[in-house]
Amino acid sequence: MSKILVIAEHLGGKLNSSTARAVSAAIAVKGEAIDVLVLADSADAIAAEAAKIDGVSRVLTVARAENAHPLAAVLAPQIAKAAAGYSHVFVPSTTFGKDVAPRVAALLGVAQVSDVMSVEAAHTFKRPIYAGNAIITVEADATHTVVATIRSASWPAATTGVNSAPVEALTVDAALPTHTRFVELKQGSSDRPDLQSASKVVSGGRGVGSKENFDIIFKFADKIGAGVGASRAAVDAGYVPSDLQVGQTGKIIAPELYMAIGISGAIQHLTGIKDAGTIVAINKDGEAPIFEVADFGLVGDLFKIIPELEAALN
Amino acid sequence: MKILVGYKRVVDYNVRIQVKPDGSGVVTDGVKLSANPFDDIALEEALRLREKGVAEEVIVVGIGPADLTAHLRNGLAMGANRAIHVVTGDAVQPLTAARVFLKLIEKEQPGLVILGKQAIDDDANQTGQMLAALWDRPQATFASKVEIADGKATVTREVDAGLEVIEAELPAVITTDLRLNEPRFIKLPDIMKAKSKPIDTIELGSLGVEANDQLKTTHYAAPAKRSKGVMVKDAAELVAALRQKGLL
Ligand SMILES: Cc1cc2nc3c(=O)[nH]c(=O)nc-3n(C[C@H](O)[C@H](O)[C@H](O)COP(=O)(O)OP(=O)(O)OC[C@H]3O[C@@H](n4cnc5c(N)ncnc54)[C@H](O)[C@@H]3O)c2cc1C
Ligand SMILES: Cc1cc2nc3c(=O)[nH]c(=O)nc-3n(C[C@H](O)[C@H](O)[C@H](O)COP(=O)(O)OP(=O)(O)OC[C@H]3O[C@@H](n4cnc5c(N)ncnc54)[C@H](O)[C@@H]3O)c2cc1C
């Protein structure tokens with residue numbers, strides 16, 4: 001029978017919703033146990049949140065000063081040790097998970113399945129390749145531990161409320177390297193909904209034209225309570241910081257409403273929004289490829305249309 | 001120091017990939033192949049470090065079939081000093097690629113290894129991290145800025161929460177993100193010069209790497225298509241439509 005270890009992602013003492021999504025994938029394996037592993041400098045609050053996720057059997061904590069920041073070189077040896085006895089190790093496919101999971105897989109000497117979209121059987125998964133232009137079915141060798149990253153946008157967060165799983169402190173005997181050190185995290189401070197969990201996202205592209213012009217995207221997003229995203233062209237041009245990039249090499253998101261404004265719809269961008277509920281495109285070029293995937297399209301100048309949308313909302 | 005650069009050939013990013021009707025693979029016959037964009041960025045960064053005097057030699061590495069030579073020549077034309085071609089007819093999974101790189105590291109003793117954060121065909125995003133684990137050295141993935149001084153790399157990483165800065169003692173593995181640099185274009189005289197640069201050819205089998213690929217791809221499918229929606233005539237109609245769906 002399968003036993004699954006889910007690695008918790010957290011920041012600033014709070015559990016990231018990607019963890020509950022990875023638990024959903026673990027539930028789909030239909031195993032006998034799902035344990036969540038929290039590696040942190042102080043783990044109690046995070047563990048308490050994880051214990052409420054329905055489907056979780058136990059929460060294991062490793063609280064050490066070295067775990068204050070998520071350095072893959074420091075976390076991976078601990079995860080590899082903790083993985084003993086588990087058939088699967090699931091990690092969210094966020095920059096955190098993408099960084100640490102392959103390092104764990106290599107320490108265990110096993111292959112990794114990246115970006116799991118669906119669980120077909122305990123060792124059979126679907127995942128995207130070629131920027132999502134093909135979906136492959138992959139079978140992992142059942143005699144080895146499966147290390148997999150879980151594509152957050154494909155999985156709803158497991159519910160919380162009914163569960164109260166036991167929390168146990170774990171001691172792992174792993175030598176931790178000191179060759180890699182955390183210096184700082186420069187966070188875009190924002191009261192807006194987080195791009196990866198927002199139910200509505202408004203994104204701007206090169207068509208917005210400048211950093212100053214991007215204010216109209218931010219204002220409109222605030223008006224409808226949306227998170228803000230951007231195309232790579234907009235990020236490269238310096239209109240917005242890189243953590244707003246949506247797409248193959250940025251964030252993969254699945255909001256209920258996605259509004260692409262001044263974005264042409266390159267395949268690398270579309271990869272990031274395939275799972276969005278409703279896509280709206282606003283573009284002055286009626287031939288733009290974004291209209292091929294949009295549920296609602298509106299051809300016109302964004303600088304004229306956005307004020308009109310705001311007026312129509314009042 | 002020497003810098004080892006991963007230089008993988010992939011289907012060009014402009015190609016719209018088609019899945020074969022029988023689900024046995026994707027159509028790759030006759031499609032344009034190019035360097036993985038992240039690997040061009042890796043090579044560019046290595047060349048800049050050499051130009052700054054931080055490194056003396058830049059070596060591009062390709063793992064793949066016999067006809068990879070022309071691709072590796074592009075890397076040489078861009079400016080690499082030499083190339084290593086690890087020859088194999090099989091598709092190589094990331095753990096095997098990492099084991100191959102480790103063998104080359106043992107031989108070449110580089111101070112830095114720069115790989116792409118992901119190859120845009122398989123989108124695995126694994127090789128650099130696996131290599132760093134096997135080598136027991138630091139990894140700095142998704143780099144958008146690299147500074148080398150005093151035997152360490154200070155790397156700015158593009159992470160979901162923003163930009164993270166870490167310090168890694170050398171030797172180390174760095175994987176590139178898109179904004180690290182803009183790769184240079186290859187000029188005609190460089191193509192001529194590249195013809196005389198050496199390419200070492202090594203059979204994968206002779207490296208003593210066990211290619212125990214544990215993943216089997218059993219089926220390829222086209223992604224679910226989104227159906228084309230409707231065009232609305234103005235902002236008021238759009239707001240009404242979204243309100244009706246309960247989205248606003
Ligand atoms: C390896 C690789 C990875 C990549 N990863 C990503 C990724 O993760 N995410 C991503 O987004 N891209 C990615 N790209 C880039 C991608 O190929 C496109 O270049 C990019 O998405 C284009 O951004 P854009 O749509 O904003 O710009 P453009 O393609 O220039 O489109 C701008 C659009 O704005 C419209 N417009 C202009 N002015 C107005 C106006 N006043 N009103 C209304 N509309 C207007 C134009 O008609 C046009 O359609 C990647 C590329 C590569 C090679
Ligand atoms: C048509 C086709 C069919 C395939 N079928 C399968 C299959 O059945 N099963 C399967 O597991 N895989 C298959 N692959 C994937 C292929 O084997 C991948 O190259 C391999 O899995 C490595 O993944 P990646 O390059 O995405 O690794 P990543 O970890 O994304 O690569 C990161 C970086 O590592 C370096 N690197 C990786 N590989 C090489 C290389 N060969 N040469 C030089 N540098 C390299 C590069 O710097 C690259 O940017 C197939 C690929 C194609 C094109």
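Mentor: Start with the shell around ligand 2. In this predicted model, strand S4 (57-64), helix H3 (94-108), strand S6 (112-116) and strand S12 (215-221) of chain B each supply at least two of its residues.

Trainee: Which element gives the most to that shell?

Mentor: S4(B), with three residues. By class, the shell divides into twelve nonpolar, ten polar and five charged residues.

Trainee: Where does ligand 2 lie?

Mentor: Between chains A and B. There are 27 residues around ligand 2, and those that come nearest are Lys8(B), Asp39(B), Val92(B), Gln93(B) and Thr127(B).

Trainee: What makes the pair between Lys8(B) and ligand 2 a polar contact?

Mentor: The cut-off is 3.5 Å between N or O atoms. A polar side-chain atom of Lys8(B) is 2.3 Å from an oxygen atom of the ligand, so the pair qualifies. Backbone atoms take part too. A polar one of Ile63(B) lies 2.8 Å from a nitrogen atom of ligand 2. A polar one of Val92(B) lies 3.0 Å from an oxygen atom of ligand 2.

Trainee: How much of ligand 2 does the protein cover?

Mentor: On its own, ligand 2 has 930 Å² of accessible area, and the protein covers 86% of that.

Trainee: Now Ile191(B), in helix H5 (residues 188-194) of chain B. Why is Ile191(B) called partly exposed?

Mentor: Its relative accessible area is 37%. Buried means under 20% and exposed means over 50%. The value falls in between, so Ile191(B) is partly exposed.

Trainee: Which residues form a nonpolar surface patch with Ile191(B)?

Mentor: Ile186(B) and Leu188(B). Together the three have about 270 Å² of accessible area.

Technical notes: Residues are numbered from 1 along each chain as its sequence is written. Chains are lettered from A and ligands numbered from 1 in the order in which they are written. This is a predicted model: local features need pLDDT of at least 70, side-chain atom pairs count only at pLDDT 80 or more; totals for chains, interfaces and linings use all residues. Side-chain values use heavy atoms; hydrogens and water are left out. Patches are made of residues with over 30% relative accessible area and no salt bridge: like charges are joined within 9 Å, nonpolar side chains (Val, Leu, Ile, Met, Phe, Trp, Tyr) within 5 Å. Accessible areas come from the Shrake-Rupley method with a 1.4 Å probe; for residues, only the protein chains shown count as cover. A salt bridge is a side-chain nitrogen of Lys or Arg within 4 Å of a carboxyl oxygen of Asp or Glu. Helices (H or I, at least four residues) and strands (E, at least two) are DSSP runs, numbered from the N terminus. Buried means under 20% relative accessible area, exposed over 50%, partly exposed in between (1.4 Å probe, protein chains only). A residue is near a molecule or strand if one of its heavy atoms lies within 4 Å of it. A polar contact is a pair of N or O atoms within 3.5 Å; within protein, one must be able to donate a hydrogen and the other to accept it, and residues adjacent in sequence count only if both atoms are side-chain atoms. Ala, Val, Leu, Ile, Met, Phe, Trp, Tyr, Cys and Pro count as nonpolar, Asp, Glu, Lys and Arg as charged, and the others, Gly among them, as polar.
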